[in-house]
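User: I am new to reading protein models. Please take me through one, feature by feature.

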Amino acid sequence: MSFFHGAHTKIKGDMNNIYANNYHHHDGRSRNAVKELREHIAAGAMHDSAERCDAPKCHPETRVAVQDELVDWIENGDKEEEPKKIIWVTGPAGGGKTAIMGSTAETCQRNGLLACGFFFSSFTGSTNRRFKRCLVATLAYQLVQHKALRDVGERILSCVEHDPAIFEKQVEVQFDQLLLQPLQEGRRDSDWPKVIFIDGLDECQAEEYGDAPRSPQEAAHANETDQTEILRALLKATNDPSFPFRIIIASRPEPAIQSFFTAIAHHTTRKIFLDDKYGPDADMLLFLNSKFKSIQLQYQLSASWPSDNVKQTLVENASGQFIYVAAAMRFIERSSAPPQELLDQIMALRRQDAPANPFALLDALYTHILNSSPNPLLAARWLSFLFRPSGLPLLSPYSLSARFAQLFLESYPGEASYVFKGLNSLVSTPPTDDHTSPYSLFHKSLTDFLGDPSRCGSLYVADYYELYPTQYLQIWKDKGPATPLSALEKGDFLHQFLEIIVSRTFSLPMERNLEIYDVAWWVRSQDESTKHPNCENPNRHVFRVCDLFSEIHSKVSRNVVFHYMSFTNSIFSAIGIKDVALLAGTSERRCSRSFKSSVGRFQAGCTCYAIDSATWTNFTLVSRGLERFALGTLVALERIPDQFLPHRDAAFPPPNAAPEHFPLGSRRATRLADVAAFARMSKG
């Protein structure tokens, strides 16, 4: 029986939280399949999602030539002498690719031509728009919802029901099972849609699996690998005679993507490069006329302002980049000064670079706007941390809200409003009562500008990622952000705070860290977060504890991994002989002599780690940092699951044992095993 027997479809809720209703079937299979499918989509990546309400769109009567060319190819491409199944829309940053894709997708939807689409974004919106994992599911979901593809939708849901783990497989396998096979088996009708849109492919990022962050070079290579994997799956689909759709892909001409279309997919790809052929200057002039007319009405200005010469100069300054005129008009519209004064400021900007640099005036505009902040360098540091690689996006498993970012970065209440004052033409800030939406940039070209010292000059921040350990440890020390919060909001903040990566926290000297930061509070808070109502992955907190103790053991007892006998030497060098003597219950002189004996060293180490929390409080001369470390260790030993520690009955390896004889193989696990083994041996 059909999944859609006697069915009609309603989609309720916003585009970030959608659910299906009224899929009627006597056994409820369709409802379960739709639910399973929607749990793996990136709703914000659909062309008409609520998340993309502020996304660039072509101004009326602009970019008509390129949009007409795309629509004509969709409708009549089969009539060409050498039909192509893929169009690659490319061009430099700021050329209007996303605006063209969004506007053309809307046209295709009105005309019944749009099958589905996915709009990648690495700098705005929800995190799952950055990765490949939601791509195929999102495309399939849109086909299920398409009223002309009911048979295909039925087969897609049948595939999901048969193999719910399909979403964990490779992109090509997902394409085969969720798209190609259902389309091969479906009955093709004349009213079927004709095109799929994939925008911003160059912004697709590779997810990190494991604990160690990638270097910039490794991250770039991983991104290219994922982008190429998507392209190969799309090419394979278009080469299948039963695949009915054309595909429009938009991206910057990045080397890996350019190489794919030039060397591998040239036989099936048509290229559109956004250059002077499509009349960008005339389109930008139309855009400026419309924007200035609105400002004239708002401020009751003369219709002759500004002059035609001024508008023409702005067009020439843009060098074909729509982002320049768009950013300029946002600056004039959204700032608090009179528009005439703001326009004069823009016109006074001059090229600081060689005339051959097409970004020179865009760079000058970005510099001017950033300098309108009360603290331009801090604003550049914050923006770099929020949006550039190795910043906040890599530290969390999900998209962090603007509210969280504010609380994380602020050293005093209201600092974010102060730092971002005057920058609302560059960055979109959610309303104060919106605690879930993230900061977003109006255009990715700002991150390019901030990441290139030759372009941003004195605003370049090389060590922006150092904000992470600095702010993380400050919040740890204070056990909360600088801004006072209600108990409920503080709980929500700390839950998100404790989920972000900890492995780079201890960049300061270890002794200083242990003296300042309350490890026991941090470990207990991690444990409490597993019970938080928004906790989706309790094991993530276990991994964070493992990361912390990996860092501590790598610095306090780095030789223990392979040389147990040198354990107390490390303790000695980290703590000092007075405290070691106190821990061992002996005099400094005797302790010093005992360190010459391997047995004495080993026993002192066992005593150090076996001591219970009540005894610690009696040692007034012991470093407060070590007290906290010991308490945290004891808590962690009770909370970390057994699979992260040696079996309780496992034989303790001899001091000179080879690494392969250790209870666990990895360096990190072995460091944790050291603590566990010492504690368990001493307890008898």
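Analyst: Start with the elements. Helices (H or I, at least four residues) and strands (E, at least two) are DSSP runs, numbered from the N terminus. This is a predicted model: local features need pLDDT of at least 70, side-chain atom pairs count only at pLDDT 80 or more, and totals for chains, interfaces and linings use all residues. Residues are numbered from 1 along each chain as its sequence is written, and side-chain values use heavy atoms, with hydrogens and water left out.

User: How many helices and strands are there in the protein?

Analyst: The protein has 30 helices and nine strands.

User: How do I read pLDDT?

Analyst: pLDDT is the predictor's confidence in each residue, from 0 to 100. Here the mean is 75, and 69% of the residues reach 70 or more. Among the elements, β5 has the highest mean pLDDT, 98. Helix α28 (residues 613-616) has the lowest, 33. Over residues 590-684 pLDDT stays under 50. Where pLDDT is low, the predicted coordinates should not be read in detail.

User: What does buried mean?

Analyst: Buried means under 20% relative accessible area, exposed over 50%, and partly exposed in between (1.4 Å probe, protein chains only). Of the 684 residues, 54% count as buried.

User: Show me a helix. How is its span read?

Analyst: The expected span is 1.5 Å times one less than the number of residues. Helix α2 (residues 64-76) has 13 residues. From first C-alpha to last, α2 reaches 18 Å, close to the 18 Å expected.

User: Which residues of α2 are buried?

Analyst: They are Val-66, Gln-67, Glu-69, Leu-70, Val-71, Trp-73 and Ile-74. Their cover includes β3 (86-90), α3 (97-110) and β5 (195-199).

User: Why does Gln-67 count as buried?

Analyst: Gln-67 has 13% relative accessibility, so it counts as buried. Now its contacts. Contact means heavy atoms within 4.5 Å. Leaving aside neighbours within four places in sequence, Gln-67 touches Cys-58, Thr-62, Ile-100, Ser-103, Thr-104 and Thr-107.

User: What is a nonpolar core?

Analyst: A nonpolar core is a set of buried Ala, Val, Leu, Ile, Met, Phe, Trp, Tyr and Cys residues joined through side-chain atoms within 4.5 Å. The largest one here has 76 residues. Those with the most contacts inside this core include Phe-292, Leu-383 and Phe-408. Helix α11 (residues 322-334) gives the most to this core, with nine residues. A second, separate core of 56 residues includes Ala-33, Val-171, Ile-196 and Phe-243.

User: How do I read aromatic pairs?

Analyst: A pair of aromatic rings is described by the distance of the centres and the angle of the planes. Rings of Phe, Tyr and Trp (its six-membered ring) pair if their centres lie within 6.5 Å; planes under 30 degrees apart count as stacked, over 60 as edge-to-face and the rest as tilted. The count comes to 17 aromatic pairs.

User: Why is the pair of Trp-382 and Phe-420 edge-to-face?

Analyst: Their ring centres are 6.0 Å apart and their planes at 90°, so the pair is edge-to-face. Trp-382 sits in helix α14 (residues 376-387) and Phe-420 in the loop between α16 (415-419) and β8 (427-428), 38 residues apart. Both residues are buried.

User: What of Phe-404 and Phe-408?

Analyst: Their centres are 5.9 Å apart and their planes at 25°, so this pair is stacked. Phe-404 and Phe-408 are four residues apart in helix α15 (residues 402-409), so about one helical turn separates them. Both are buried.
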